[in-house]
Protein chains: 2
Amino acid sequence: MSDWIPVKQARLAESSGRPCEIRGWVRTRRDSKGGFSFIEINDGSSLGNLQVVAPAELDNYAGEIQRLTAGCSVVVRGELQASPAKGQATELHASAVRVLGWADPETYPLQKKRHSFEKLREWAHLRTRTNTLGAVMRVRDQICQSIHRFFHENGFLYVNTPIITASDCEGAGEMFRVTTLDLERLAKSGGPVDFSFDFFDKPTFLTVSGQLEGETYATSLGRIYTFGPTFRAENSNTSRHLAEFWMIEPEAAFFDLADNMQLAEQFLKQVFSECLQCCEEDMAFFDQRIEKGKIDQIRGVIDKPFEHMTYTEAIKVLETSGQKFDYDIAWGSDLQAEHERYLTEQHVGGPLILTDYPSTIKPFYMRVSDDEKTVAAMDVLVPGVGEIIGGSQREERLDVLRKRMAEQSLSEDEYGWYVDLRKYGTVPHAGFGLGLERAVQYVTGMANIRDVIPFPRTPGSAEF
Amino acid sequence: MSDWIPVKQARLAESSGRPCEIRGWVRTRRDSKGGFSFIEINDGSSLGNLQVVAPAELDNYAGEIQRLTAGCSVVVRGELQASPAKGQATELHASAVRVLGWADPETYPLQKKRHSFEKLREWAHLRTRTNTLGAVMRVRDQICQSIHRFFHENGFLYVNTPIITASDCEGAGEMFRVTTLDLERLAKSGGPVDFSFDFFDKPTFLTVSGQLEGETYATSLGRIYTFGPTFRAENSNTSRHLAEFWMIEPEAAFFDLADNMQLAEQFLKQVFSECLQCCEEDMAFFDQRIEKGKIDQIRGVIDKPFEHMTYTEAIKVLETSGQKFDYDIAWGSDLQAEHERYLTEQHVGGPLILTDYPSTIKPFYMRVSDDEKTVAAMDVLVPGVGEIIGGSQREERLDVLRKRMAEQSLSEDEYGWYVDLRKYGTVPHAGFGLGLERAVQYVTGMANIRDVIPFPRTPGSAEF
């Protein structure tokens, strides 16, 4: 019978007095002159370690315990007692320390010395053994759990839209090709490429968005959301871009833009609140070590009603701001990150939803407004990051959709199924997209998006 | 101010007397001689429709209401009243019926006539408007929600292992290639292929399993699970195979095979129980219309402790069964579906976990047992489907792992990161994999796996 408990639980004051077993990895060992050693153990269940007090009387004290170094795996039995030391409620007085695995300090990369996040990316298979990356992944998990719960509680069904696709979601970005053709043989063939030999009998790609397929489910099941990987084959070596990332895309029938904005606001507030509640220790760490003031910034998003402004109003604000921007401001051109951040950080000082963008800079599926110049689009901006959510009401009128498709040379042969949704029982509907990694970056304050996904895929890099 | 409620809620007896608005799609309309029409409305929130009683007094009765056909979208306002009709607690007495979208009965494919599931696959963008596919997708959502909740409650962190990979998880299956090379240009090049021009500077593929990457997280964070798409480029045109499917793979540090079996049993029981509880109406539908006795079969899995048997024992049972099988039985060869089904359905009459398979038929990462002939593998078999889960304890001993890798010609260059987990603080660990679609197929009784995933990908088919 095992009385194993996770370190997280062992560290609680109320666990004091309890006999138990701890299983984890050594972070540090310090030998005291008093005839015992202090060993800090982490098992991934929390940021904080459990301090083990191992007396010299133990059989393997000289032979093993005094040889323990960072990374060694151990099973410790003993009794939890109130700790006299600062910053920890309990400590484990060991009656047995069993070493499962050693970690040669000559070669083990994660010694006490601090490594840059860049260096740690080379050891992506080990980097969650560090405080920061462990905390990031616990927060990432919490965000994912909150997202599923939020939608489930609000009557949205989880839908898995396809990853391999023959359609390209209106050119949202460069795509990766998926094929089973033998490239070496193909290279010798002289061409042309015969896709009837490919797995799907035609060119196929990795999805850039599940929205269009998601709409087919919203217009039958009412409220749905996707949560899956999406891809961009763009040669962007920035701290904000990944070739493979996870996206959440809710879509709801009978929603207009106002419903959509309300949903996005409730959604962000609930997910962020649960992060602060459920990851208190990890969030305090980010607030202290990664980005000072992060918690207050997030509280600002949770506590304040989001402001609203049309794109046209935003252009006026920017034009009269007296601020110098790198990019020119003109009605009809896309806002740049610097503009968005000025609006949310300087002008409003809190979350801001921009709406009613020029139709010329937005995709064909967004609903054309009565002015015939703008579409019912929305972008949610938050201080510290700018755009975090983008969405729109969708064009539900068959004739208007067809006109927009024709303008953008999209064929009804290819998008016939999408048009069908407007032919048969069309309804107003709306939705938005949230990039998971952008959200994790925002919450944790991590500067580089490659440090908030387990194994980042970027140009030239698909390790592990 | 909207007093919209979903059909699911409107159908509850306690909603009687309530004024409300319903938004959905017409399933059928029937005009009564008494001066009113009955309209069945579905909005995807439940299998059952809400019956609307629309009196001839309504303004648009002759002009619109009497023209309503299957698939039209409507917003109905009125008061819910107790229904005198059998099989429904309430009905909506309409004070206004607004038609949002028509569905030309000449061209709308989903008329009252029954269509084969095969035919419905051609209309995958509309098929969730039918009873069966709607029910499948609600059950699929429930299974997904239960899976996330189960692991969250048991301290497992959700981890997104990579989709694009340069490693091949020990050849678990044929892989799709991912590339940004211009195939037409490549075909004219004469070869050889220069991958330094490809996005990742090397050949990359779609993942067949996240297990190996998952192990890196389990050996730092303790307990993790993956839930994501996986791929097989196999030319299998069967009712049980997809080229793209979703897989759940938990992995836990300090777990041995016994812990792993216990986890799998608790997991299946909880997920299946919640299906029966939360999807009562949908499950009754499957039990009546798709596979008689399904609910009792699932209850059998929930209520009974799973039996255990070694592979060696199973071979003996099969050899002495007197049963005729298409495939020969011999120690050292893999069990076929017919053998597995005999064992779980005829011999045990309930769920069965087979363990300790010959090492020669299992991958290099499974833990070699003391007999040096078998590995600590487990397959969970259930009546009606056979294998539903496969897993193992992993080889944590550096020397044994290296030997196994050498035997299978796996290079430490490529798998160095995986070997590192055994070099630095190695721990016993174990995990398993569940194919989501197999689980949905089992729970719903749907005969073809293409009918339990929104947009199935199979050889020659990547529509939508």
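How many salt bridges are counted between chain A and chain B? The count is two, where a salt bridge is a side-chain nitrogen of Lys or Arg within 4 Å of a carboxyl oxygen of Asp or Glu. This is a predicted model: local features need pLDDT of at least 70, side-chain atom pairs count only at pLDDT 80 or more, and totals for chains, interfaces and linings use all residues. Residues are numbered from 1 along each chain as its sequence is written, chains are lettered from A in the order in which they are written, and side-chain values use heavy atoms, leaving out hydrogens and water.

**Extent**
- Chain A brings 112 residues to the contact and chain B brings 112 residues (contact: heavy atoms within 4.5 Å).
- About 8800 Å² is buried between chain A and chain B, with carbon and sulfur atoms giving 64% (accessible area, 1.4 Å probe, lost on being put together, summed over both parts).
- In chain A, the residues losing the most area to chain B are A:Phe199, A:Phe254 and A:Tyr424, together 9% of what that side buries.

- A:Lys202 and B:Glu463 form a salt bridge through their side chains, at 3.1 Å from N to O.
- Helix 3 (residues 131–153) of chain A supplies ten residues, the largest share of the side of chain A that touches chain B (helices are DSSP runs of H or I, at least four residues; strands are runs of E, at least two).

**Strand pairing**
- Strand 8 (residues 177–179) of chain A pairs with strand 8 (residues 177–179) of chain B, antiparallel, over three bridges (pairing needs at least two DSSP bridges).
- A:Arg177 sits opposite B:Thr179 of strand 8 in chain B.

Technical notes
Buried area is the accessible area (1.4 Å probe) that two parts lose on being put together, summed over both.
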